[in-house]
Protein chains: 2
Amino acid sequence: MSDIVSPLARPFTAMPPIAGVTLRVARAGYKDWGRCDLTYAELTEGTVVAGVFTRNVCCSSEVEIGRANIAQSQARALVVNAGNSNAFTGYRGREAVEGIMAQVAAHLGCPPEQVFVSSTGVIGVPLPLDKAQAGLGSAFEAAPCDWEEAANTIGTTDTFAKGASATALVGGKTVALAAIIKGSGMIAPDLATMLGYVFTDCAIAPAFLQDLLSTANQTTFNCITVDSDTSTSDTVLAFATGKADNAPLTGFDCPGADAFAAALHDVCRQLAQLVVRDGEGAQKFITVSVSGAVSDDSARKIGLAVANSPLVKTAIAGEDANWGRVVMAVGKAGEPADRDKLSIGFGGVWAAREGQPLADYDEAPMAAHLKGQEISIEIDLGLGEGRATVWTCDLTHDYISINADYRS
Amino acid sequence: MSDIVSPLARPFTAMPPIAGVTLRVARAGYKDWGRCDLTYAELTEGTVVAGVFTRNVCCSSEVEIGRANIAQSQARALVVNAGNSNAFTGYRGREAVEGIMAQVAAHLGCPPEQVFVSSTGVIGVPLPLDKAQAGLGSAFEAAPCDWEEAANTIGTTDTFAKGASATALVGGKTVALAAIIKGSGMIAPDLATMLGYVFTDCAIAPAFLQDLLSTANQTTFNCITVDSDTSTSDTVLAFATGKADNAPLTGFDCPGADAFAAALHDVCRQLAQLVVRDGEGAQKFITVSVSGAVSDDSARKIGLAVANSPLVKTAIAGEDANWGRVVMAVGKAGEPADRDKLSIGFGGVWAAREGQPLADYDEAPMAAHLKGQEISIEIDLGLGEGRATVWTCDLTHDYISINADYRS
């Protein structure tokens, strides 16, 4: 974790314990940073798991193995290594992941495929298995910790701990969700996400949990971007311990399924927005609202083209209502758009309607809006009913400073 | 033109006059910058024209009209306005372009569709026709100027004048090419280019000139990127006056066609690289060489994914051989790649071969290479015969500074 906290940071929210989940952290010493860097979550027998993973084809062994093991739906443990992503490390990287899985499986007496491993940090350095195993040994002996300590431990360039929680009434039982996430740079959408973990005591069929997670992912994690760069290690896992004793959810016809789906979506959206709030160098949180597109998917792609445009992001950093750059970004998105039907606004004030600048709009409220921390950009295509909301941050000098000397 | 010249600048090359082309500049006063901002090139009767234009769907009226008028193949004049792109200005913008065309057509006694207009600068402000017409009136009276003055006059955030020239022996006659270009930010490939103009005295059929220009464009202008943002006004036009008196080129079976095509490609490549050398905030010129892809097109897309990655560009700015970020960018390109066949190098030294870091490579020559101004990144996919070379620059604090307060 960095010493300088993002100006967009949010205090860590009070989060309930989740029955069946025990968190512990330890120092494996992957980097010389004098803090815990290994997180170990033990999950009760019968916990089911769902997941979404990066579509970066140069993905890590952790992602490859995790994606394969999601199929058997059962999870007994999660191990997260911070400081080394173990990506692009060939058979040595794979051996390290398998070594961690074997050690935890022996400790718990479970099959190794029920142990899920994530790693985050520099690419191309094999994860040192000796450090991982010593760290795990310490974690097994450690006292349980709270969500905030776990959220801090999974972080790398993150500047604050990020978590979210929710509850839902399911068949007369209150189920709880608690979730943590890390991510700050190398954050891009369309492919997948970052390292995020949702825990719930809800009893739910794994296939339904996977459906709900995949659906929520589309309008939450897949609608954020910090820098258009998609990590090799992105993973979101949802673990359900079943300890809430509700009648198991198997589909939307079950009582409480809608409430649980809404709670899961809410937690995912909170996590996704927290990642943007910790975007490297971020000074402003930007909401891009697209309407009038030919489809929701087209709206999302246009929103992301705007949110990924360095010229739009630097204009916001400069508090400049340079809506011409928004026009440019809409036009390069590769999606249907008609220049002469396009409208652009900032903070709820239209600067251009239907392809022409408004000669007489009042710049004062727009200028005041741009001086704030929470910026909104409105885009109406005037073509159809497609809508999307995308979140990003501005592009500042600090992004350059953070990334021009990250590894060294 | 900026006061601070890019450290990657090249001196303006000595360029020959082209028979049938007369250049003049004037002050239209589109911005308060006390310099010439209107360029007027008069072309002899019988000049043929070919062009490539931005694929940004929010393109300017200049692009729309120019694209339509390329079909009739004849050109008598080029007018370039600097300081206002006239993009996204609706019917008022279109009227300004038509007004300029009418004025020049009356002056030369030619059809208005033989007058090509480009504008570059801020988006969303209608080009003031009164200023344009007064400027044109001055230009008609002005003494002819040289290539360097014209190259300076078409620039906006450019920090140095950019031109290139070549000759080719065509059927016993020496034909000359001279070309100028502007561009520094909002430069991205795949769609089209920036404002570039090639002039030649070669006699050539317009359809063949268009073929050669479109082909050259694919491996030159479409292989550069500064910031992944594609302008609404990008245009490259090639004008051939026919004054070299060579037997007209109509296809590759004509003597000298290969030589002319090579000279045209060479000029386009020089111009494209000069734009990268003037990339906003650029400190380093980066050549990304991709081999072993499944096709040349796939190689180009992978090269551009690397060249557009802010994390790769900031790593180069930081002189950090962070090849893991190159792996990430290859993996997110959406093109066929196999992590375990992928090799990455800097400055001709492999850091990783076939999916694994080389444990014993000598970092010293690579570190020395990264301290230089001319950086090369080598990527071998190990899949096929596809190759491409892409050029870009690093991403520095100056890019942020330039773009966070450009408009204001």
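Here is a short chat about a predicted model, covering chain A and then a sheet in chain B.

Visitor: How many helices and strands are in chain A?
Guide: Chain A has 11 helices and 16 strands.

Visitor: And how compact is chain A?
Guide: Its radius of gyration is 22 Å, close to the 22 Å that the globule rule gives for 408 residues, so chain A is as compact as a globular protein of that length. Along its principal axes, the C-alpha trace spans about 70 × 55 × 35 Å.

Visitor: What share of chain A is buried?
Guide: Buried residues make up 59% of the 408 residues.

Visitor: Let's zoom in. Which residues of helix 1 in chain A are buried?
Guide: In helix 1, residues 61-69, they are A:Ser61, A:Glu62, A:Val63, A:Gly66 and A:Asn69.

Visitor: What do those buried residues pack against?
Guide: They pack against strand 3 (48-53), helix 2 (90-108), strand 5 (115-122) and strand 10 (235-240) of chain A.

Visitor: Switching to chain B, what's the strand order in the open sheet of 4 strands?
Guide: The order is 1-2-4-5, with mixed pairing. Strand 1 (21-26) and strand 5 (115-122) of chain B stand at the edges with a single partner strand each, so one side of each has no neighbour in the sheet. On average, neighbouring strands are turned by 15° against each other, direction ignored.

Visitor: How many bridges join strand 2 to strand 4 there?
Guide: In chain B, 5 bridges join strand 2 (residues 38-43) to strand 4 (residues 77-84), and the two run antiparallel. B:Glu42, for instance, has B:Ala77 in strand 4 as its bridge partner.

Visitor: Which strands does helix 2 of chain B lie across?
Guide: Helix 2 (residues 90-108) lies across strand 4 and strand 5 of chain B, running at about 140° to strand 5.

Conventions:
Residues numbered from 1 in each chain as written. Chains lettered and ligands numbered in written order. Predicted model: local features only at pLDDT ≥ 70, side-chain atom pairs only at ≥ 80, totals over all residues. Buried ≥ 20, exposed ≤ 12 C-beta atoms within 10 Å, placed from the backbone. Contact = placed C-beta atoms within 7 Å. Pairing = 2+ DSSP bridges. Axes fitted to C-alpha atoms, helices over the stretch in contact; angles between N-to-C directions. Rg over C-alpha atoms; globule rule 2.2 N^0.38 Å.
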